Amino acid sequence: MEKTFSLARREDGIAVLTMDVPGETMNTLRAEFGSEISQMLSEIKADSSIKGLVIISGKEDSFVAGADISMLDACKSADDARELSKQGHKVFAELEGLAIPVVAAINGACLGGGLELALACHKRVVTENKKTMLGVPEVQLGLLPGGGGTQRLPRLVGVAKALDLMLTGKQVRPKHALKMGLVDDVVPATILLETAVKMALKGKRKSKKPKVKQSLVNRALEFTAAGRNVMFDQAAKQVMKKTQGNYPAPDKIIDCVKQGLAHGMEKGLEVEANHFADLVASPESFALRSIFFATTEMKKETGADNAEPKKVKKAVVLGGGLMGGGIASVTTTKAKVPVRVKDINQQGLSNALAYAYKLLQKGVKRRHMTAAVRDNTMALMTTTTDYNGVKDADIVVEAVFEDLGLKHQMVKDIERECSADTIFASNTSSLPIGQIAEAAERPENVIGLHYFSPVEKMPLVEVIAHDKTSPETIATTVAFARKQGKMPIVVKDGAGFYVNRILALYMNEAAQVLLEGMSVEELDKAAVKFGFPVGPITLLDEVGIDVGAKISPILEAELGERFKAPTAFDKLLADDRKGRKNGKGFYQYGKKVGKKKLVDETVYDVLSIKPGTMINTDNVVERCVVQMLNEAVRCLEEGIIASPRDGDIGAIFGIGFPPFLGGPFRYIDAMGVGNLVAKLESYQARFGERFAPCDRLKTMAETQAKFY
């Protein structure tokens with residue numbers, strides 16, 4: 001069997017230990033490496049000619065990208081997971097305990113278990129490579145650093161910075177890592193090994209902390225037990241506010257650091273192993289890990305069987321509005337593809353350019369890029385008010401108003417102005433793609449590419465194929481979306497596609513609850529407590545009340561009575577309430593108490609309701625969510641989505657369905673299909689046919705079937 005670790009001895013007395021996992025593009029840590037590393041360390045200890053050790057990666061752009069997550073699923077019990085953590089502790093303690101200096105030479109990703117390995121070394125040097133990132137992102141999988149990270153990180157960089165890294169999972173760049181004392185030097189990649197060797201030859205650092213400037217207040221907080229307790233309390237409050245108590249990992253991370261600093265490293269490691277084991281076995285981590293595996297799997301798929309994507313060398317965006325500007329921006333910044341924006345007037349083009357510039361300027365201010373890089377990226381975006389310079393476009397993304405006649409005109413214009421192979425992708429949010437393709441001479445090139453607003457932040461796109469879309473068009477569009485930094489799911493054509501369809505019923509039910517007398521704040525707060533990033537009424541204001549009003553009749557006409565929005569909501573538009581976009585909706589814009597948005601109380605008069613008069617506010621969010629779950633299963637039943645996995649990813653990345661529940665289908669499995677059917681039937685008896693469970697659910701309930 002090929003080995004992962006190789007040891008080379010140099011004439012100057014420094015040994016270089018290279019990690020290179022055979023057959024993989026990135027290094028990850030696996031349980032079976034433990035004995036191989038221990039054997040290497042014994043060999044090093046026994047060789048008195050070795051004066052120092054440098055650990056380096058044999059991969060081009062990856063030091064160690066973390067632990068192999070699949071080994072956690074192999075754990076049959078919490079005891080297995082605890083053993084895994086303790087094994088990591090043992091190996092890293094051996095490394096740290098070497099009498100010779102040990103230096104980690106880091107180029108590329110150094111994350112999770114990779115950073116814990118580097119923390120067990122005596123010094124760390126990193127490259128300036130833009131792919132070099134350091135962090136402990138375990139919290140994003142519902143876990144904590146289980147290889148001693150909760151103990152070594154705070155001792156190296158201080159409690160505040162360590163908690164910030166561990167509780168957010170954020171990754172830091174080389175210069176920031178140096179500034180915070182996480183690494184000892186930043187050098188060009190060409191002299192990484194040479195610098196690490198020089199560090200090792202200098203000998204071990206005496207156990208003094210890196211020189212990081214701290215204010216008096218920070219010193220009082222970091223270096224006194226009372227001060228640290230203040231920090232732990234503050235961190236716990238912030239965590240509760242952010243997670244609503246739905247994620248157990250952050251509290252356990254705080255406890256590991258607290259126990260380790262109060263009772264010593266040994267106790268801290270024991271607590272870390274126990275907490276790690278509990279988290280590996282938790283339903284929250286299982287759900288979050290399932291999302292990780294699903295997204296990893298999807299990255300390898302083309303979206304169409306037996307079709308390879310064509311390379312997109314140039315794109316055109318029709319429409320310079322918010323959506324058009326956002327789409328053009330991710331095309332140049334993420335995909336690095338030249339884009340030509342076409343609008344009927346100069347104002348629209350100026351808006352699109354200003355939008356893209358503003359986003360890039362943020363990167364310059366945060367020192368993530370230079371002004372020159374910003375300007376070069378902006379140079380990839382050009383504009384036109386006619387169809388000049390579009391002939392060689394590989395893909396055209398249309399982002400004009402939701403008007404079928406207008407979209408038909410766009411299809412004809414593009415077929416006239418571009419080549420026979422140009423893909424026409426419509427960013428419609430509700431119109432069936434088959435209807436748009438009716439105007440096309442080459443319907444095989446027409447596809448839907450539905451982005452969510454704001455484009456630069458929302459990760460999901462729906463790629464919508466109608467019955468004549470060619471497999472090559474699907475594959476090329478999926479690959480293009482992925483280059484834009486998006487998570488594409490391929491869905492079948494139909495009104496509302498998948499995401500807006502399941503969202504519409506959830507939002508309609510929330511509107512019914514509001515009309516029954518629940519206040520806006522209470523309803524939004526209940527949804528956030530359940531795990532959504534924002535409440536449904538906040539979301540309606542953000543998306544636009546007018547947008548919701550346009551989509552509802554389309555869905556009702558195509559899919560039936562259950563999509564009928566409450567007629568009372570027509571009064572909102574009559575009162576010119578569109579939401580955030582015109583500063584007039586359910587909330588007040590421009591007025592805040594602290595960070596809290598204020599409800600515009602006059603909205604209750606417009607809707608003729610008395611807030612706070614709803615008799616029973618228990619389970620109101622459940623009432624809205626079961627509508628979403630029922631419709632998600634209906635979409636699977638009709639083939640709108642290809643699999644429960646796609647449905648889960650679509651809901652999580654498209655509308656912020658609570659990730660710790662794993663998506664609608666995993667949530668139904670956890671709840672039990674029979675229980676969901678019983679809930680729906682109970683609501684059906686109280687509120688009517690819109691709650692009738694779909695056939696697939698009823699059949700599954702009879703056989704106690706599961707989606708996974």
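This report describes salt bridges, aromatic pairs and charges over rings in a predicted model.

The structure contains 34 salt bridges. In one of them, Arg645 is paired with Glu297, and the closest N and O atoms are 3.2 Å apart. This pair links distant parts of the chain, 348 residues apart: Arg645 belongs to helix α27 (residues 644–655) and Glu297 to helix α13 (residues 283–298). Arg645 counts as buried, at 15% relative accessibility, whereas Glu297 is partly exposed, with a relative accessible area of 42%.

A salt bridge also joins the side chains of Asp600 and Arg577, at 3.0 Å from N to O. Both partners lie in loops: Asp600 in the one between β20 (596–599) and α25 (602–607), and Arg577 in the one between α24 (570–574) and β19 (587–593), 23 residues apart. Asp600 is buried, with a relative accessible area of 15%, and Arg577 counts as buried at 3% relative accessibility.

## A salt-bridge network

Arg501 and Glu638 meet through their side chains in a salt bridge of 3.0 Å, N to O. Arg501 lies in helix α20 (residues 499–515) and Glu638 in the loop between α26 (620–637) and α27, so the pair ties together parts that are 137 residues apart in sequence. Arg501 is buried, with a relative accessible area of 1%; Glu638, at 35% relative accessibility, counts as partly exposed.

These two residues belong to a network of salt bridges that links Arg501, Arg562, Glu631, Arg634 and Glu638.

## Aromatic pairs

The structure holds 13 aromatic pairs. The ring centres of Tyr506 and Phe532 are 5.0 Å apart and the planes stand at 35°, so this pair is tilted. Tyr506 lies in helix α20 and Phe532 in the loop between α21 (520–530) and α22 (536–543), so the pair ties together parts that are 26 residues apart in sequence. Tyr506 and Phe532 are both buried.

Phe687 and Phe691 form a tilted aromatic pair, with 6.0 Å from centre to centre and 45° between the planes. Phe687 counts as partly exposed, at 22% relative accessibility, while Phe691 counts as buried, at 0%.

## Charges over aromatic rings

Two tyrosine rings have a charged side chain over the face: Lys342 lies over Tyr387, at 4.8 Å from the ring centre, and Arg666 lies over Tyr708, at 3.7 Å from the ring centre.

Conventions
Residues numbered from 1 in each chain as written. Predicted model: local features only at pLDDT ≥ 70, side-chain atom pairs only at ≥ 80, totals over all residues. Heavy atoms only, no water. Salt bridge = Lys/Arg side-chain N within 4 Å of Asp/Glu carboxyl O. Helix = DSSP H or I, 4+ residues; strand = E, 2+ residues; numbered from the N terminus. Buried < 20%, exposed > 50% of the residue type's maximum accessible area, 1.4 Å probe, protein only. Phe/Tyr/Trp six-rings, centres within 6.5 Å; stacked < 30°, edge-to-face > 60°. Lys NZ or Arg CZ within 6 Å of the ring centre and 35° of its normal.
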